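Student: Could you take me through this one and tell me what stands behind each label you use?

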Amino acid sequence: MSHIVETCDIVRVFKGHDKPVKALDKVSIYIDEGEIFGLLGPNGAGKTTLIKILTTLLLPTKGEAYVGGFSVSKEAHKVRQMISLVSGGETPGYGILSASENLWFFSQLYGLSSSSAKARIKQLMTDLEFDEYAKTRMSKLSTGYKQRLNLARGLLNNPKVLFLDEPTLGLDVLTSKKLRAYIVDWAKREKEGTVLLTTHYMAEADEMCDRVAIIDRGRILACDSPLRLKQKLEDNFIMKVEVSSVQADFSFVDDMKGVIGYSQTRSIQTDTTSFKVMLTEEKIFSKIMLKLKEQNLKILSANEVEPTLEDVYISLVGRGFEEGEKTTHET
Amino acid sequence: MAITAVLRTIKQAVWIGWKVETNWADPLVFAIYYLIRPIAGLLIVGFIFLIGSFVSGIVDPGLFAFLFIGNNFFIYVTQIMIMMSMLIHEDRAHYEVLKHIYLTPGSLQWYIVGRALNGVMNASVSLVLTLGLGVLIFQFGMGIPIPLNWLGIDLGLLAVGLLVGIVCFMAIGFILCGINIMTSKVQFMLPEYIGGILYLFGGVVFLPELLPWWGQHFSNALPITYFLRIMRFSFLHNTGFDVHVNLVYLAATTVITVIVGLAFFRVAMFKARRDGLIDKKEEY
Ligand SMILES: Nc1ncnc2c1ncn2[C@@H]1O[C@H](COP(=O)(O)OP(=O)(O)OP(=O)(O)O)[C@@H](O)[C@H]1O
Ligand SMILES: [Mg+2]
């Protein structure tokens with residue numbers, strides 16, 4: 001067994017409303033033992049679908065995947081013994097039970113003995129800093145603490161591979177930070193602890209992951225360490241411009257030569273638009289500035305920026321992550 | 001799965017079931033399932049008996065006892081089916097635990113069994129309640145001398161029959177679980193329909209002999225028919241049936257039901273996994 005997780009040309013087609021939806025299109029990735037692997041992609045990219053297949057909740061339409069050397073479709077019971085799944089934005093558990101009672105419930109389903117279950121629950125609650133809420137009803141916990149509980153549940157069985165589907169979805173900055181740090185720490189501490197995490201937060205993928213696969217419309221577009229992915233953009237120029245008016249229109253760059261891609265972020269609160277454009281040559285930027293002046297937009301700032309994973313995505317797809325949405329926020 | 005792990009899972013499921021149920025926000029629902037339903041069943045029995053007595057001109061307390069026992073033990077069928085029919089949707093969409101239970105190796109079916117045991121406990125409470133109330137209303141209130149010797153109940157036979165019957169009704173419950181996992185809304189009416197059919201053909205209040213020939217054949221194929229005969233025999237002793245033959249039939253029909261039920265559930269789980277329904281929350 002060379003890789004702890006491996007997928008071979010996974011295709012998944014859903015029925016859909018009027019026509020079939022291809023959620024995954026020949027996805028082939030591998031993850032090594034001990035790695036934190038990120039699956040980064042916009043909404044509807046197919047991240048959850050891939051996680052569901054790997055955790056044996058869903059069958060692939062075509063192709064095969066292996067976890068720990070076991071086929072997810074044919075040896076699901078073997079796969080289940082070494083994994084667990086934590087999905088952000090969900091609170092699996094019974095609202096009427098306390099946090100610790102919920103953990104106890106799952107520990108027993110995993111067949112843990114009373115003493116080791118108790119010790120493990122206590123440890124996890126201390127590590128994830130919610131022992132003061134141990135006796136609190138789950139329904140009364142805040143979103144952040146619910147997610148801590150959710151993560152603790154996912155760690156009860158000491159999984160070899162931990163699957164995290166947008167683990168920090170909807171959490172405040174501080175809690176997100178804590179959970180990320182804890183997960184990284186867990187993977188290190190467990191030596192062979194492997195994590196597959198999906199996210200649409202660039203920083204999360206960049207900060208946590210040893211390697212990242214960028215997925216869009218069911219296809220893996222690139223897969224490498226965050227650093228190397230960004231290094232590939234070294235020859236390009238990435239410029240960021242902030243202009244007044246939330247209605248600024250940058251679509252004119254569509255027809256310009258030398259423009260690899262761009263993204264725009266609009267803020268209604270400040271009535272500004274932030275525009276990031278990737279160019280093959282620096283001199284194209286002056287043409288863009290000229291066009292902007294023609295539109296009578298006030299330019300608040302303009303400068304070259306270091307490439308991020310979002311820029312990797314822009315370079316691959318030609319648009320930003322949150323394109324098409326009316327208002328977005330920086331992530 | 002090791003036997004201790006199975007027992008742990010069942011124990012937790014019973015406990016969760018009890019917690020969830022004793023916490024019903026709507027006392028009306030609680031009342032309907034635990035009180036009104038069994039009492040309504042009791043009144044129907046009384047009503048049927050009175051009409052029968054009126055039409056025939058004969059008041060036969062033996063017939064009353066026959067109806068009374070049959071109806072009371074039918075509670076196990078309804079309670080187990082309702083319990084098992086509700087739990088999939090609740091655990092999938094409301095508590096969001098279904099997929100995680102499914103992912104804990106091998107525990108889903110034992111968890112379901114544990115939850116069904118809650119149905120058994122509820123039914124037992126209802127049973128005691130209706131037996132008591134029935135005696136109070138019909139024997140003491142209306143003066144029907146129910147020919148029941150409370151001290152002469154064949155407890156061994158009762159226990160064996162009940163145990164086999166419960167296994168059988170759980171197997172039917174697994175079919176309901178399978179249907180619910182493949183549908184996006186709770187099939188509220190399904191246990192009612194199935195319950196209705198079993199009520200009609202299982203000889204709860206209508207003797208199978210009164211059914212048309214096809215109905216009699218159907219009745220003979222139902223485990224509930226034999227279950228009720230054994231329950232009646234353990235209370236009333238002389239019911240004109242050979243108890244051993246009926247035990248064998250009950251066991252045989254139960255084995256078939258268990259095989260069919262578990263096979264159906266397996267196929268349903270496979271389809272659910274193929275179609276991505278195990279964690280389905282919204283419509284696509
Ligand atoms: N059960 C289903 N039936 C039909 N279509 C589905 C189903 N599940 C997912 N899809 C579709 O498959 C595509 C991929 O969905 P998926 O949930 O995997 O994306 P995602 O990357 O997790 O997105 P998000 O960031 O929104 O969670 C989407 O177009 C989605 O609408
Ligand atoms: Mg998703």
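This is a predicted model: local features need pLDDT of at least 70, side-chain atom pairs count only at pLDDT 80 or more; totals for chains, interfaces and linings use all residues.

Student: How do you know where the domains of chain A lie?

Tutor: Domain bounds come from an automatic or database domain assignment. For chain A that gives domain 1 (5-230) and domain 2 (232-328). Over C-alpha atoms, their centres are 33 Å apart.

Student: How many residues of domain 1 and domain 2 of chain A are in contact?

Tutor: Contact means heavy atoms within 4.5 Å. By that rule, 20 residues of domain 1 of chain A touch 14 residues of domain 2 of chain A.

Student: What makes up the area buried between domain 1 and domain 2 of chain A?

Tutor: Buried area is the accessible area (1.4 Å probe) that two parts lose on being put together, summed over both. Here it is about 1,400 Å², and carbon and sulfur atoms give 68% of that. On the domain 1 side of chain A, A:M202, A:L229 and A:K230 lose the most area to domain 2, together 42% of what that side buries.

Student: Why is the pairing of A:K232 with A:D224 called a salt bridge?

Tutor: The term needs a side-chain nitrogen of Lys or Arg within 4 Å of a carboxyl oxygen of Asp or Glu. For A:K232 and A:D224 the closest N and O atoms are 3.5 Å apart, so the pair qualifies. The count between domain 1 and domain 2 of chain A is two salt bridges.

Student: And how many residues do chain A and chain B bring to their contact?

Tutor: Chain A gives 36 residues and chain B gives 33. About 3,100 Å² is buried between chain A and chain B, with 61% from carbon and sulfur atoms. A:L57, A:Y94 and A:L109 supply 22% of what chain A buries against chain B, more than any other three residues.

Student: What makes B:K99 and A:E90 a salt bridge?

Tutor: Their side chains come to 3.1 Å, N to O, which is within the 4 Å limit, so the label holds. Across the interface of chain A and chain B, the rule finds two salt bridges.

Student: Where is ligand 1, and what surrounds it?

Tutor: Ligand 1 lies between chains A and B. A residue is near a molecule if one of its heavy atoms lies within 4 Å of it. By that test 13 residues surround ligand 1, and the closest are A:G44, A:G46, A:K47, A:T48 and A:T49.

Student: How do you know that A:T49 makes a polar contact with ligand 1?

Tutor: A polar contact is a pair of N or O atoms within 3.5 Å; within protein, one must be able to donate a hydrogen and the other to accept it, and residues adjacent in sequence count only if both atoms are side-chain atoms. A polar side-chain atom of A:T49 lies 2.5 Å from an oxygen atom of ligand 1, so it passes. A polar side-chain atom of A:E166 is 3.2 Å from a ligand 1 oxygen, and a backbone N or O atom of A:K47 is 2.9 Å from one.

Technical notes:
Residues are numbered from 1 along each chain as its sequence is written. Chains are lettered from A and ligands numbered from 1 in the order in which they are written. Side-chain values use heavy atoms; hydrogens and water are left out.
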